[in-house]
Amino acid sequence: MTTATTVKTEYEAIIGLETHCQLSTNTKIFSNSSTAFGSDPNTNIDPVCMGLPGVLPVLNQKVLEYAVKAGLALNCQIAKYSKFDRKQYFYPDLPKNYQISQYDLPIAEHGWLEIELVDAEGNPIRKRIGITRLHMEEDAGKLVHAGSDRLSGSSYSLVDYNRAGIPLVEIVSEPDLRSGQEAAEYAEELRRIVRYLGVSDGNMEQGSLRCDVNISVRPVGQKEFGTKVEIKNMNSFSAIQRAIDYEIERQIAAIEAGDRIIQETRLWQEGAQCTSSMRVKEGSSDYRYFPEPDLAPIEVSNAQLEQWRSELPELPAKKRHHYESELGLSAYDARVLTEDRSIAEYFETAIASGANPKAAANWITQDIAAHLNKQKLTITQIALTPTNLADIITRIETGKISNAQAKQKLPDLLSGISPEKAFAGLELITDPSVLEPIVDEVIAANPKELEKYRNGNTNLKGFFVGQVLKKTDKRADPKLTNELVEKKLNA
């Protein structure tokens with residue numbers, strides 16, 4: 001008699017991200033109003049961004065430069081010829097009732113970025129994620145719903161047009177992501193890149209970086225995509241990961257229960273840690289795009305393109321490869337050091353000044369990072385220069401000072417005191433002829449501990465070493481002290 005066994009269906013997620021990145025220009029994309037965050041409502045506005053009759057937009061040259069540099073950094077093909085289009089939709093935060101964007105001829109297409117995850121053994125796992133397109137557009141205003149955080153349930157709504165006309169690039173990924181972790185890392189890498197370039201601050205809390213997720217699930221081996229669901233309202237990378245992980249489980253559970261997944265937009269509810277339906281999409285929206293008649297097409301010359309390419313910094317992925325393969329750092333250390341461009345530059349200056357790469361990495365990612373976190377500072381705000389850090393590391397490695405002495409003096413060093421002054425009179429005693437009498441004196445002064453040691457309590461060796469260090473104000477070379485103490489105790 002045979003018993004039929006039920007084979008459990010395995011599913012995979014298909015995930016793509018649409019990311020809006022606010023560019024760090026001083027003025028808006030088509031006018032000279034300020035882009036400063038936090039201004040009083042409706043103070044950074046003008047006739048152009050408000051769409052008043054008779055006004056004409058003029059493209060901000062810095063917006064084009066930043067968009068092209070972002071496209072180059074994402075390995076995209078930069079269009080020699082592109083144009084702006086009008087995207088029609090009607091909502092109170094859009095004063096013109098259309099948005100100036102790019103449709104069929106975007107500034108950049110067909111690129112990729114590399115994400116790097118670290119496995120349980122600390123090994124890097126790299127994956128390329130395709131970039132479908134990058135295009136320029138203006139932002140809309142912001143609605144504030146009173147009495148509720150959304151339109152439903154609010155008693156009235158206010159509109160702030162300060163954000164209208166803020167320059168954005170929208171970056172659309174290929175559906176190459178397969179988990180919440182991969183999607184969060186993709187968004188983080190995107191933020192690292194725009195920060196390295198200096199084209200955006202990537203601040204998610206202030207809305208400078210906003211990610212919408214498109215996600216579907218399908219049985220492993222199936223070629224056709226499942227029904228796509230969009231998720232909005234994620235204001236951190238951890239929220240992106242948790243929202244996707246939740247949605248994957250929700251969709252699989254619905255399919256297993258025989259329910260139909262509908263195409264809809266869902267919101268991530270941070271408090272409840274779940275997604276909820278916002279609106280149902282039965283079909284694609286008809287935005288009735290047509291070429292923007294008030295803006296001339298954009299042509300980027302080869303000379304201009306090569307000039308902007310030459311101004312790109314070394315990007316985080318390339319730095320990680322260099323740190324891991326050539327400097328011998330772990331994937332974790334390489335990731336921490338390349339998280340911020342100023343930290344990477346500090347590290348590179350230190351090793352160029354003679355510091356051992358691993359030792360410099362340890363000081364920066366551990367002791368200095370702890371100070372920065374506690375004081376809420378950036379590495380550019382501390383007085384300890386990378387050259388002085390290299391000096392400290394060299395002193396430790398040549399036996400002039402101990403690691404413990406350096407850590408003890410770190411607060412002084414961080415405040416700007418030079419290594420010469422901080423370590424004056426603290427050079428380690430490395431001469432055995434000087435240390436031996438001190439060791440003999442310590443042993444002679446502690447006969448009870450000596451007897452216990454020789455009766456088998458070998459842990460007391462640390463007691464004798466500590467007494468020698470105490471007697472020399474921690475100037476005794478720890479390694480030599482250990483050797484002399486052990487030799488004398490076992491004599």
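Tyr-287 counts as partly exposed, with a relative accessibility of 27%. The model described here is predicted. Tyr-89 likewise counts as partly exposed, at 25% relative accessibility.

The ring centres of Tyr-89 and Tyr-287 are 6.2 Å apart and their planes stand at 70°, so this pair is edge-to-face.

## Surroundings of the tyrosine pair

Tyr-89 and Tyr-287 are members of one aromatic cluster, which also contains Tyr-103 and Tyr-289. Lys-87 lies over the face of Tyr-287, at 4.4 Å from the ring centre.

## Aromatic pairs in the whole structure

A search of the whole structure finds seven aromatic pairs. One of them joins Phe-30 and Phe-84: the ring centres are 5.4 Å apart and the planes are at 80°, so the arrangement is edge-to-face.

Phe-30 is located in the loop between β1 (11–22) and α1 (61–73), and Phe-84 in the loop between β3 (81–82) and β4 (85–88), so the pair ties together parts that are 54 residues apart in sequence. Both Phe-30 and Phe-84 are buried.

## A further lysine over a ring

Trp-363 also has a lysine over its face: Lys-407 lies there, at 4.9 Å from the ring centre.

Note on methods:
Residues numbered from 1 in each chain as written. Predicted model: local features only at pLDDT ≥ 70, side-chain atom pairs only at ≥ 80, totals over all residues. Heavy atoms only, no water. Phe/Tyr/Trp six-rings, centres within 6.5 Å; stacked < 30°, edge-to-face > 60°. Helix = DSSP H or I, 4+ residues; strand = E, 2+ residues; numbered from the N terminus. Buried < 20%, exposed > 50% of the residue type's maximum accessible area, 1.4 Å probe, protein only. Lys NZ or Arg CZ within 6 Å of the ring centre and 35° of its normal.
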